[in-house]
Amino acid sequence: MSEAATSASGAAFVDVAQLIDQQEIGRFQIKVLLLCAAAMFVDGFDTQAIGYVAPALSAALAVKPSALGLVFAAGGLGAIIGGLGLAPFADRVGRKPVIVASMLFFAVCTLLIAMANTVPQLMWMRFAIGLGLGGVVPNALALSAEYMPKKFRVTLVLMTWLGFSIGSGVAGPVAAHILEAHSWRSVFLFGGILPVILAPVLIWALPESLQSIAQRGVADGRIARTLARMNPRLIFPETTLFANTARKEGFPVALLFREGRAPITLLLWVMFFMNLLALFFLNSWLPTVLHKAGLPQHLAIIIAALLHFGGIAGGLAIAPLCDRLNPYLVLACAYVLSGTFIAGIGLAGNKPMFAVAATFFAGFFTFGAQNSANAIAATRYPTAMRSSGIGWALGIGRTGQIVGPLVGGLLLSLKWPTSEILYVIAIPSVVAATAAFFLSGAARRSRFGMEAETAAK
């Protein structure tokens, strides 16, 4: 057993967070990472499916592509409300039940959207799906972070987020294949079945956050049993008391602005909003924009899917740099390059090879930087506010999920050339880079920033 303090009653006292940080990466942590990544996979698939079927959907319903902007925005609004509401709730009741319940909810709604026949029906069902999708991401990231040793936490939490990127990327080829023989409805039926299959696995195999349990001061026996599964050498007397010494009193969201956290929290929100605005524009409209530029629908979908595979490669390259260097300066550089390659997609026009290269590298820096930013946010807040910190950063950022599709619909309705549309969408990346640069200075000046940097090493 690791070193433990002794309480006034003579019972051994174990700091759960500190104990987990002392462990080596083993089979148990890898299982937690893979289960959380699987939850993120189905979330990513169902988040992105609507973008891939948009050209077929507008043709089937006989509506202009710009009319689907409200459908995309409704999903974004649902994800915002789901993330903002469920993240603080999970900080109090636990991550696992919120992950499973959210997944089952959006599974049912995804199956139901396959029966929609009008744009308003699609809009309301996509809003409901967003509520469930918004509850999975912050809690899967937070749960994964709390089982990973702090030395490699950013990189390991990134591996969890890659589940979302892989799900989003795989949705492209899967949607393209299904659309060749079936209607757009079959894509949503497939997307609804995936979480139904996964939910029982998570109920059976996914552990609850030990730090969250210790913070609530209950179920010490469950903590001891889970720690023994993590490391069989960890054996504790029945009288052992488990606690989280990083416990913070107060409403989780209010804690984000205490003890010098306010500047970092606000700058994180700006950075997330700007990058996610560009990201969700690409998510929603890139297949349509590429098709409008003259590429065949099937090819446009496949090329758009490269965003997510580029994001996987980018995340794997950027996250280790964030572990070793100033993470905010690394992100600032990535955002500048993100804007450069988004504009490059516009320059590529209808030339497939140029479009492939520009799209991959736009994904590498836009999605790769966001993948790393999510992992950084998961490591920068204590347990008491971790889901809230990630959930609110993503929630505020995901207003870009509303603004991006609406801006795209507006620009398409104005019949702008695709190059000019993408030049406009490159601007938020520059603003995100500016916010990341100022984050670097704010983190150095604040006690919270110094604690976060120390914890990350």
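## Residues, helices and overall fold

Cysteine 36 has a relative accessibility of 1% and therefore counts as buried, the cut-off being under 20%. The model described here is a predicted one. Cysteine 109 is likewise classed as buried, because its relative accessibility is 6%. A disulfide is a covalent bond between the sulfur atoms of two cysteines. How many disulfides does the rule give? The count comes to zero.

Aspartate 43 lies in helix H2. With a relative accessibility of 0%, aspartate 43 counts as buried. Leaving out residues up to four places away in sequence, aspartate 43 touches Phe106, Leu133, Val136, Val137 and Phe164.

Isoleucine 81 belongs to helix H3, which spans residues 69-93. Is isoleucine 81 buried or partly exposed? Its relative accessible area is 43%, so isoleucine 81 is partly exposed, a class that lies between the 20% and 50% limits. When neighbours within four places in sequence are set aside, isoleucine 81 is in contact with Leu86, Phe127 and Leu131.

| Residue | Relative accessibility | Class |
|---|---|---|
| Cysteine 36 | 1% | buried |
| Aspartate 43 | 0% | buried |
| Isoleucine 81 | 43% | partly exposed |
| Cysteine 109 | 6% | buried |

The next topic is a pair of helices. Two packed helices are described by the angle between their axes and the distance between the axes. Helix H2, covering residues 27-61, packs with helix H7, covering residues 184-205, at an angle of about 170°, and their axes are 9 Å apart. Angles over 145 degrees count as roughly antiparallel, and H2 and H7 are therefore roughly antiparallel to each other. By class, the residues in the contact of H2 with H7 comprise 21 nonpolar, two polar and two charged ones.

Finally, the protein may be considered as a whole. It contains 18 helices and three strands. The protein has 457 residues, and 60% of them count as buried. Of the contacts between residues at least 6 apart in sequence, 83% join residues at least 24 apart.

Key:
Residues numbered from 1 in each chain as written. Predicted model: local features only at pLDDT ≥ 70, side-chain atom pairs only at ≥ 80, totals over all residues. Heavy atoms only, no water. Axes fitted to C-alpha atoms, helices over the stretch in contact; angles between N-to-C directions. Helix = DSSP H or I, 4+ residues; strand = E, 2+ residues; numbered from the N terminus. Parallel < 35°, antiparallel > 145°, perpendicular 65-115°, else oblique. Nonpolar A, V, L, I, M, F, W, Y, C, P; charged D, E, K, R; others polar. Buried < 20%, exposed > 50% of the residue type's maximum accessible area, 1.4 Å probe, protein only. Contact = heavy atoms within 4.5 Å. Disulfide = S-S within 2.5 Å.
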